[in-house]
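Please open the structure in your viewer and keep the selection tool at hand.

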Amino acid sequence: MVSQDRPATTFKSRIKSSLPYTLAVAIIGFVSLWIRTRPSEYVFLSNGFVRFGGNDPWYHMRTLNVLLENYPQRMFFNPMTNYPYGSYIHFGPLFDQMMAITSLILGLGSPSQDLINTVGAYFPAVLGALTVIPVYYIGKYLGGRKTGILAAVFIAFAPGQFLSRSLIGFTDHHVAESLFSTFFMMFFMLAIITAKKKNLRFEDLFNKNFNVVKEPLIYSIIAGVMYSAYQLSWPGASLFLFIALVYAVVQYILDNFNGESSDYLGFTGIITFLVSAILILPFIHPELGFSMYYYTWFHVATAIGTMAGFAALSLIQREFKNRNLKAYYYPLAIFLLGFLGLLAIRFASPSVYSLIISAPNTVFGVLTGGAATIGEVSSMFYYGGTFTLSRAFGNFTVSGFFASIIGLIILLVSVIRKAKPEEVLVLVWSILMLFAIYGQNRFAYYYSINVSILSAYIGGLLLEKVKWNELDEKFKSSVKSPADIPGFLKSFRAKQVLAVLAIAVFLIYPVYGAAMVQSTGSNDPDWAWIEACLWLKSSTPDPGMDYNAIYEAPEDGKLFDYPESAYGVMSWWDYGHYIETLGHRMPNANPFQAGIGGRRGSINETNVPGAAPFLTAQSEEEATEVLESIHPDPEKSGARYIMSDERMAVDIFMAMPEWTLDTEGYMQPYWTGDGYQYLPSKRYFDSMESRLHFLDGNGLKQYRLVYETWAYQTQEAGYKQVYNFLYGSSIPEVDSGYVKIFEYVKGAKITGTVSPNETVNINTTILTGQGRTFEYSQSTSSDSEGRYEFIVPYSTEGPIPGETQFDTAPTGAYVVSYGDTTTEVRVSEEAVLNGEEIKV
């Protein structure tokens, strides 16, 4: 037992000795903050607009504003997205609450929108900078203070997803996940170390031996609080619960083989997860059953189950000791207990069993189909079905990634020689996070923590080899003032200088250089999308929803009761949050992967209506059927507007058929004179996305272009050149609006009578708000009685109050022609919206 009778000067001396390191960590933290706030000019634009990079940051700003509007009540169900169903919000409440409280304090209870935007923009950078604190302490308790300082430096400069998700303007909960999960590991490690050092036994608790119990108890409680903070930042926090449980199994087995008691571990685990189970209780939603994606009984059950796991492992170990059983039977007993437990769950609750069995594959397995096209959940090591390390190098640098692997190997060897609990914990944690990035590259912002610690571990070992501790002691004894520093520097040996240079050149400089290159800001969303969404907000009918209100979720099995004026906006799911937050309109699909539609199982499965089957539809009729099927009420349409950009038409188009499990035939080899080239095929140009974006909806009956932004220099002109080459057409080979908005209307019916079976044409010239013109035309043949009919989407008379205030319209009347006869027809907006007939 460690003596509690310490000299009075011990605490002061500890504070004095740690002061330089505390100061160093503070400086590193400020440098980290500076790196993350460098691109502020990309966030705070000259016109007062604040740009939040990425998709989810816009949604967090949306939920933050609703929270402040209704404080302290938070939005849980949102009918303003995934129309006509709405979406439950799976985001944890803590990130928004922290920003809200900060805004309320700084705004003296009434923060302005500018202040809210500023707090939201700076918040991820501050949390990213604070991460140096737990990383330092984990490094310190793993390999000493020098390792801790190196770990803090590495995470301060860490590039890749950790940096991108903690830059100014990336207002998302991911950086909070990294911060609180690392704090959890730090305090969990401290609890284990102190409990082990004090040789804690369960009897100490029962005998009220608080001198032994107090410190591990405090650290365990704080670890539980930090795990809860992590869990309230992201419902998937059970990932680290799994890591803790796997670590426990390994540590119990090692302790049993070494003949050591694991009471210290059982005590820590039980207290930690008891606290987390209690703290999560107020936030669960019993009506959502046992889902791991929202706060439900799943999160309470898993915490209690982990407590039970620690208790069972301790109980079995005690029985083994009391019965003097062979150590190698212990792993078998654990395996048998786990197997029986799963078997019992399978019979008691098949749904829970299925969830438990599938959960590891959700995190560690490589996704296929449409899900594989989601950038952040695709594998770190597979791209296009091919194994690659390029993405790992891009996230961690070459030296950083390989340093983490080497660090893992060295740590494994050290554990085999002598299993220190803190080393086993870091080893298990790092291995499981490496498997996690194999499944989903999004976990790179977690693994950056491990890379920093493992790189620092290697650096610390190198400094040990060159006897850095001697320099440390000499510095403490000989440097009393700045004047003593030159003399101290003369005591450096060549091998120590070389070690420092090696660490600086091979470990620090690569991550620093990558961070400097990466921390230059984001232009996402670009101005075209911002402009288009603002136009949507000001120039389309009010959907009749109170934008900042908190709505109750509908009863189970029922739809939300939308007003008659409500409508959806169709686009690819990437842009759903922009449409909602900037445009104040209701997207059909969003970055929660809601509303995408398509097939999620076998190729024979019916296509679920949504963005994927609509945008890949091979005819207007097929697309309209999808659009009408989105809303369960056959009298209502699923969407009124469609938004498209050049990226949807070119860069990410093939992601759409991935969700329908039907990717063949969109690109085919064609002979071009210089050999075969893969070019867009007829199937591609027949898709609704191509018809709308590249062909401006020419010839479509119920879809009209109502707005386009300015043109960028893109691949559009090249695609149009291919179209003209393949079809002998002559559409202008120019770039048009980068973002286009189309409206789905009933269309006016233009009817007339000519000779039987005669070809009849209709055309007009459309002028967009950007001053661009294109031809709109249709062709049909009269029936046996000479009757013909056109359904046209454009009004020649301009917009009307209360409806779409379009700036794209015909320059004159429609011209109906047959033989040598031409007739001009004018069409009112009412006729287009109501499907009225106009007789020629």
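Select Pro72, which lies in the loop between helix H3 (56-69) and strand S1 (77-78). Helices (H or I, at least four residues) and strands (E, at least two) are DSSP runs, numbered from the N terminus. The model is predicted, so local features need pLDDT of at least 70 and side-chain atom pairs count only at pLDDT 80 or more, while totals for chains, interfaces and linings use all residues. Residues are numbered from 1 along each chain as its sequence is written, and side-chain values use heavy atoms, with hydrogens and water left out.

Now display the backbone between Tyr71 and Pro72: the peptide bond that joins them is cis, with omega about 5 degrees. Move on to Pro84, in the loop between S1 and strand S2 (87-88). Here too is a cis peptide bond, joining Tyr83 and Pro84, and its omega is about 5 degrees.

**Second stop: the loop between H9 and H10**

Select Asn199, found in the loop between H9 and H10.

Next, show the side chains of Lys198 and Glu215, which meet in a salt bridge at 3.8 Å, N to O. Lys198 is in the loop between helix H9 (174-197) and helix H10 (202-206), whereas Glu215 belongs to helix H11 (residues 210-231); the two are 17 residues apart. A salt bridge is a side-chain nitrogen of Lys or Arg within 4 Å of a carboxyl oxygen of Asp or Glu. By this rule the count comes to 26 salt bridges.

Colour the chain by domain: domain 1 covers 173-335, domain 2 covers 534-739 and domain 3 covers 745-839. These bounds come from an automatic or database domain assignment.

Turn to domain 2 and domain 3, whose centres, taken over C-alpha atoms, are separated by 24 Å. How many residues of each are in contact? There are 21 residues of domain 2 in contact with 26 residues of domain 3, where contact means heavy atoms within 4.5 Å. The area buried between domain 2 and domain 3 is about 2000 Å², with 44% given by carbon and sulfur atoms. Buried area is the accessible area (1.4 Å probe) that two parts lose on being put together, summed over both. In domain 2, select Lys701, Arg704 and Glu708: these lose the most area to domain 3, together 33% of what that side buries.

Between domain 2 and domain 3 there are four salt bridges. Select Arg704 and Glu829, which form a salt bridge whose closest N and O atoms are 2.7 Å apart. On the side of domain 2 that touches domain 3, helix H24 (527-539) and strand S10 (703-708) are the elements that give two or more residues. The largest share, six residues, comes from S10. By class, this side of domain 2 has nine nonpolar, seven polar and five charged residues. Ala, Val, Leu, Ile, Met, Phe, Trp, Tyr, Cys and Pro count as nonpolar, Asp, Glu, Lys and Arg as charged, and the others, Gly among them, as polar.

Follow S10 into an open sheet of five strands, in the order S6-S5-S7-S11-S10, with mixed pairing. Strands of a sheet pair through backbone hydrogen bonds, either parallel or antiparallel. Two strands pair if DSSP finds at least two bridges between them. Strand S6 (586-587) and S10 are the edge strands, each pairing on one side only. Within the sheet, select strand S7 (residues 641-645) and strand S11 (residues 739-744), which pair in the antiparallel sense over five bridges. Ile642 stands opposite Phe742 in S11.

**Last stop: two hairpins**

Select strand S8 (residues 667-671) and strand S9 (residues 676-680), an antiparallel pair with five bridges. Tyr670 has Gln677 in S9 as its bridge partner. In this hairpin, with four residues between the strands, Gly673 takes a positive phi near 95 degrees.

Finish at strand S13 (residues 759-767) and strand S14 (residues 773-781), which run antiparallel and are joined by nine bridges. Asn763 has Ser777 in S14 as its bridge partner. Five residues lie between S13 and S14 in their hairpin, and Gly771 in the turn has a positive phi of about 85 degrees.
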